[in-house]
Structures are given as C-alpha cells and as structure tokens.
Amino acid sequence: MTEQTRVVIVGAGPAGLMLAHLLQMQGIDSIVLESRSREYVEARIRAGVLEQGTVDALAEVGVDDRLRREGLVHEGVEFTFGGRRHRFDFRELVGGTITVYGQHEVVKDLIAARLDAGGDIRFGVSEVALGDLTGDRPRVSFRHNGELREITADYVAGCDGFHGVCRRHIPEERLTVYEHTYPFAWLGILAEAPPAQDELVYASHEDGFALFSMRSPQITRLYLQCDPDEDADAWTDEALWAELHKRLESADDGFRLNEGPVLQKNVAPMRSFVCEPMQYGRLFLAGDAAHIVPPTGAKGMNLAVADVRVLAGALEERYRSGSTGALDEYSRRCLRRIWKVQRFSWHMTSMLHRYPGRDAFARRLQLAELDYFTTSEAGRRVVAENYVGLPL
Ligand code: APR
Ligand code: PHB
C-alpha cells in the first residue's frame, strides 16, 4: 500500500520530533518513522544541557510546561584545574543562561505532545529504504507490524542519527566527510544522590578529566575520562567514587560530591564528524545524521534542534511561496554554525582532557590556556558566549 504525505521524517530523536512539531505549526503534514520502540527512545540517557535557543524552540511548539517546572536554570559553570575552581558567570559575561533537563525528558515530552495532537509516529519500523531522491516524488519503503509499506512525499528528512540509513543514500562521490577521533572516552554514571551544588563543574586533573552534572534535585550525573576500550563494569563503585572525588575535589575549597547508589554506568566514545553537504536532491539531513560533536559542552541536541529550525523555516517558505531558495541554502546556512560549534566542542575537549603520550610541555601549555580562558575577560566571554549558544 502506498501512502502520501508532504514530509517523511526518518528518526524520532530530538531532531525528527522537533521537526514534526515545527511543521505541524505551519500546517505541513509529516509521518515520523522510528526503528526503536517508544519505551526505548524515552529511556535512552543522553546529555542534558539546553541552550536558550533550544528552550525557545520548545516553547514555540508549546512543549515547555514540564521543562519550566522541572528544568534547572543555570547562570554559570565552573572549571577546576591547578588546585583552583573558576566560575563563568553567564549572565554577567553575556546575559544568557542554560537549562539542565535530560534529553530523554525532552523526547518524552515531544512524543506525548505529538501523539496528543494526532501526529503520526510509527515506532518499531525496519528495512527503511529511500528511493527517487532526485525526482519530484521521493519514496520511503519500510516494514511495520510485519507488512511492507511505502510512502511517497515531497521531501525526506534524514533525522536518524549517526548510525542511520539516510546518509548512506547519498552517493559517496557527492559527500565529503570530515572526522576526528579522540584517544579517550567518557565513563558516565547516574547516581541517586542530591547534586552537591547547583552548577556544573568541569575538572582538568593530572589523572584525567571529570565532570559533575545533574538531572534533578535527587540525581547526580558524573563523567570520568577513561580509555576508549574500557569496560564500564570493570569499575567497582568504590573505585569510581575514589576517582571522582580525587579529580573533582582537587581545589580543596570545600566542594564535596554526595555519594549514592550508582543507577547506570556506560562508556561513550568521543568523536567529531561532519558530512557536507547536508542535502541530496529532496533528502535533507539534520542532527546526528550529519554531524557529531564530542560531549564536552553538551552541544549535540542543541545542534540538532538548530538544524531543524532552519529546515522547518525553509520548508515553510517553500509551501507558502513556492520558492526553494531557503531549501537550497539549508546546508550552507547550517554548516556555518555547525563548524563554529564543532570548534567550541573540540576546544573544550582539548583544553580539559589529558592526552596519552603528550609531554610535560604540552600540559604546561594546556594549563596556561585554561588560566587564560578563566581569567581574561575576553577569554571568559568566548567560553560563555559559545556555552550559552551562538545565534542561529
Ligand atoms: N530507521 C528509522 N529510525 C532510525 C533508523 C532507521 N534506519 N536508524 C536510527 N533511527 C532512529 C534512532 O533509533 C533514533 O531514535 O533515529 C533516531 C535518531 O535520534 P538521535 O540519535 O537522538 O539523533 P538526533 O535526533 O539527531 O539528536 C541528536 O542525540 O545522539 C544524541 O548526542 C546526540 O544529543 C544529540 C542528539
Ligand atoms: C550531562 O549532564 O550529561 C552533560 C553536561 C555537560 C556536558 C556533557 C554532558 O558537557
């Protein structure tokens, strides 16, 4: 059976779901296809820092009630290194704030609101394949509840993450891939313990990076730099806490982590990746399908939301005026901002982590860089401006 819609959206992560909402506001129909179950995508723990622009986008689509109630508004973050802790005051430096609210909570809210509004999201699809992307009427075939189905549409939005299928439908010779892998990873834990303080702490310690973050007034989120091939289960809770205390409390200024039962442990690789362009015929890539940033600075979801804001605006123009001008500019416009955010994520990562094999000279340079960016007014503004989020 062949169905029809205006936009097929592949992937129900933040990019795909937010795009469906933004299109609905303009009266543009879409169908979202997701390979996982609703339960799976709602439980997937990812980062949790929202830029102001991301909060604004959620407000624009009317999905900010719970975020306003439960999100934690932060006016700064801290860096610890060389025995001292330094604070970046976002309000004072750039007049902005960030909101701490888990990505899976955003996903839960977007799914609930979409289904309430009668939106079409198909979970548990398989064998997704795209066809006729360079024609007027692209096709997407897939299997759902055992049946093979097909949808024809005006456009396809590839919002299916880094491991998705959409990017692979772009001929290799049309795509340029830029990639960088880091010689370390993050071991992340979720602990049932009240956060020790309100703001995040990024620590650059002689034994490696660590990060103190949170999810709620009862849940602390912590990360430790580790080797990429490390097994999370090989770490006992005692060993984890000892390492976290050592790296995060090195300023000896009274900051003490609260301990509690470890609810979850996982190792995440660190990668920078961009593919150009983000368009092929009537296929438009958005979010992790087109780019990955290392998590230092928590830009992944924010970048995904920024992409679909641009894409939704361009599709709106196309349906309102018939002009494809903004769609033709989509990739170039997104990439300009994406590369600046790549630069920031790479800079935060390289400034704060220990690189295996680097010498003492390199470490002294790194400490000087941290000293500069935490004490110079210009340096502090650079970090703050990027952290709260660059304009679209
Ligand atoms: N068909 C349908 N859905 C697919 C397919 C496929 N072949 N492959 C992957 N998916 C789904 C995934 O299950 C996932 O739910 O696409 C969705 C992609 O969502 P995300 O990975 O969350 O990507 P995105 O929406 O771009 O959001 C980026 O997510 O990975 C984090 O750190 C990243 O915070 C960033 C954010
Ligand atoms: C998180 O809370 O998961 C988090 C916070 C800040 C980061 C990365 C992850 O830079």
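What follows is a friendly chat about a predicted model of a protein with its ligands.

Me: Hi! Let's start with ligand 2. How many residues surround it, and which are the closest?

Reply: Hi! There are 15 residues around ligand 2, and the closest are Tyr202, Ser213, Arg215, Tyr223 and Gly297. Keep in mind that the model is predicted.

Me: Which strand gives the most residues to the shell?

Reply: Strand 16 does, with 3 residues. Two elements give two or more residues: strand 16 (208-216) and strand 17 (219-226). By class, the shell has 9 nonpolar, 4 polar and 2 charged residues.

Me: You mentioned Ala298. Where does it sit, and is it buried or exposed?

Reply: Ala298 is in the loop between strand 21 (291-292) and helix 8. Its relative accessibility is 11%, under the 20% cut-off, so Ala298 counts as buried. Ala298 also has a positive phi of about 55°, although it is not a glycine.

Me: Why is a positive phi worth a mention?

Reply: Because most residues other than glycine have a negative phi. Asp132 is another residue with a positive value, with phi near 50°. Asp132 lies in the loop between strand 10 (126-131) and strand 11 (139-144), and at 44% relative accessibility it counts as partly exposed.

Me: Ok, over to ligand 1. How many residues surround that one?

Reply: Ligand 1 has 25 residues around it, and the closest are Glu34, Arg44, Arg46, Gln103 and Asp288. A polar side-chain atom of Asp288 is 2.7 Å from an oxygen atom of ligand 1. From the backbone, an N or O atom of Met301 lies 2.9 Å from an oxygen atom of the ligand, and a polar atom of Pro14 lies 3.2 Å from one.

Me: New topic: helix 10. Which of its residues are buried?

Reply: In helix 10 the buried residues are Arg363, Gln366, Leu367, Leu370, Phe373 and Thr374. Seen down the helix 10 axis, they fall within an arc of 130°, so they line one face of the helix. On the other side of helix 10, Phe361 and Arg364 are exposed.

Me: What about helix 7? Which residues are buried there?

Reply: Leu240, Trp241, Glu243, Leu244, Arg247 and Leu248 are the buried residues of helix 7. Their arc, seen down the axis, is within 165°, so they too line one face of the helix.

Me: Last one! Which residues does the cis peptide bond with omega about -10° join?

Reply: That cis bond joins Glu276 and Pro277. Pro277 lies in the loop between strand 18 (262-276) and strand 19 (279-280). For context, most peptide bonds are trans.

Technical notes
Residues numbered from 1 in each chain as written. Chains lettered and ligands numbered in written order. Predicted model: local features only at pLDDT ≥ 70, side-chain atom pairs only at ≥ 80, totals over all residues. Heavy atoms only, no water. Near = heavy atom within 4 Å. Helix = DSSP H or I, 4+ residues; strand = E, 2+ residues; numbered from the N terminus. Nonpolar A, V, L, I, M, F, W, Y, C, P; charged D, E, K, R; others polar. Polar contact = N/O pair within 3.5 Å; in protein donor to acceptor, adjacent residues only side chain to side chain. Buried < 20%, exposed > 50% of the residue type's maximum accessible area, 1.4 Å probe, protein only. Arc of directions from axis to C-beta.
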